[in-house]
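Reader: I would like to go through this model with you. Could you display the sequence and the structure before we start?

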Amino acid sequence: MNTLMAQGLELMLIGMGVVFSFLIILVAVTSLMSLLVKRFGQAPAVIPAPATPAPAGDLPSSAVIKAIEKAVRQHRQSQQ
C-alpha cells in the first residue's frame, strides 16, 4: 500500500509540474507575441471618406412609400 501511495504522489507531482510548466511557457509566448504586435503590427490610420448624399433619382416614388406605410400599419394592427 505504501508503494501505491508513493506512485500516486509521484504521478500527481509530475502532472502538476507539466501543467505548471506549460502555463509558464504559454504566458511567456503570449507576452512575446503581444510585444511583437505592438512593435511591428501597427496598421496605418484609416481616414473614412466623407459621406456623400444619395442622388435624388435613388429615392423611392411616393406610391412605394405609401405602400410601405400601409404594410407597416397593417402589420402593427395585426400584432395588437
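Reader: Is leucine 4 buried or exposed?
Author: In this predicted model, leucine 4 counts as exposed, because its relative accessibility is 56% and the cut-off for exposed is over 50%.

Reader: Which element holds leucine 4?
Author: Leucine 4 sits in helix α1.

Reader: And how far is leucine 4 from isoleucine 25?
Author: Their C-alpha atoms are separated by 32 Å. Along the chain, leucine 4 and isoleucine 25 are 21 residues apart.

Reader: What about leucine 13, buried or exposed?
Author: Leucine 13, which also has its place in helix α1, counts as exposed, with 51% relative accessibility.

Reader: Which residues form a nonpolar patch on the surface?
Author: The patch consists of Leu9, Met12, Leu13 and Met16. Together these residues have about 410 Å² of accessible area.

Reader: Why would residues with such spacing point the same way?
Author: An α-helix has 3.6 residues a turn, so residues three or four places apart point the same way.

Reader: Turning to the loop, where is proline 44 found?
Author: Proline 44 lies in the loop between α1, residues 2-40, and α2. Proline 44 is exposed, with a relative accessible area of 68%.

Reader: How far is proline 44 from alanine 71?
Author: The separation between their C-alpha atoms is 47 Å, and the two residues are 27 residues apart along the chain.

Reader: Now α2: how many residues does it have, and what length does it reach?
Author: Helix α2 covers residues 62-79, which is 18 residues. From its first C-alpha to its last it reaches 26 Å, close to the 26 Å expected at 1.5 Å a residue.

Reader: How many of the residues of α2 are buried?
Author: The count of buried residues in α2 is 0 among its 18 residues, and the helix is hardly covered.

Reader: What about the protein as a whole, what share counts as buried?
Author: Of its 80 residues, 0% count as buried. The protein exposes about 8,000 Å², and carbon and sulfur atoms supply 70% of that area.

Reader: How many helices and strands are there?
Author: The secondary structure comes to 2 helices and 0 strands. The radius of gyration is 33 Å, well over the 12 Å that the globule rule gives for 80 residues, so the protein is more spread out than a compact globule.

Reader: What does the C-alpha trace span along its principal axes?
Author: The trace spans about 90 × 45 × 15 Å along those axes.

Terms used:
Residues numbered from 1 in each chain as written. Predicted model: local features only at pLDDT ≥ 70, side-chain atom pairs only at ≥ 80, totals over all residues. Heavy atoms only, no water. Helix = DSSP H or I, 4+ residues; strand = E, 2+ residues; numbered from the N terminus. Rg over C-alpha atoms; globule rule 2.2 N^0.38 Å. Buried < 20%, exposed > 50% of the residue type's maximum accessible area, 1.4 Å probe, protein only. Areas by Shrake-Rupley, 256 points an atom, 1.4 Å probe, with all protein chains shown as cover. Expected span 1.5 Å × (residues − 1). Patch = residues over 30% accessible without salt bridge, like charges linked within 9 Å, V, L, I, M, F, W, Y side chains within 5 Å. Salt bridge = Lys/Arg side-chain N within 4 Å of Asp/Glu carboxyl O.
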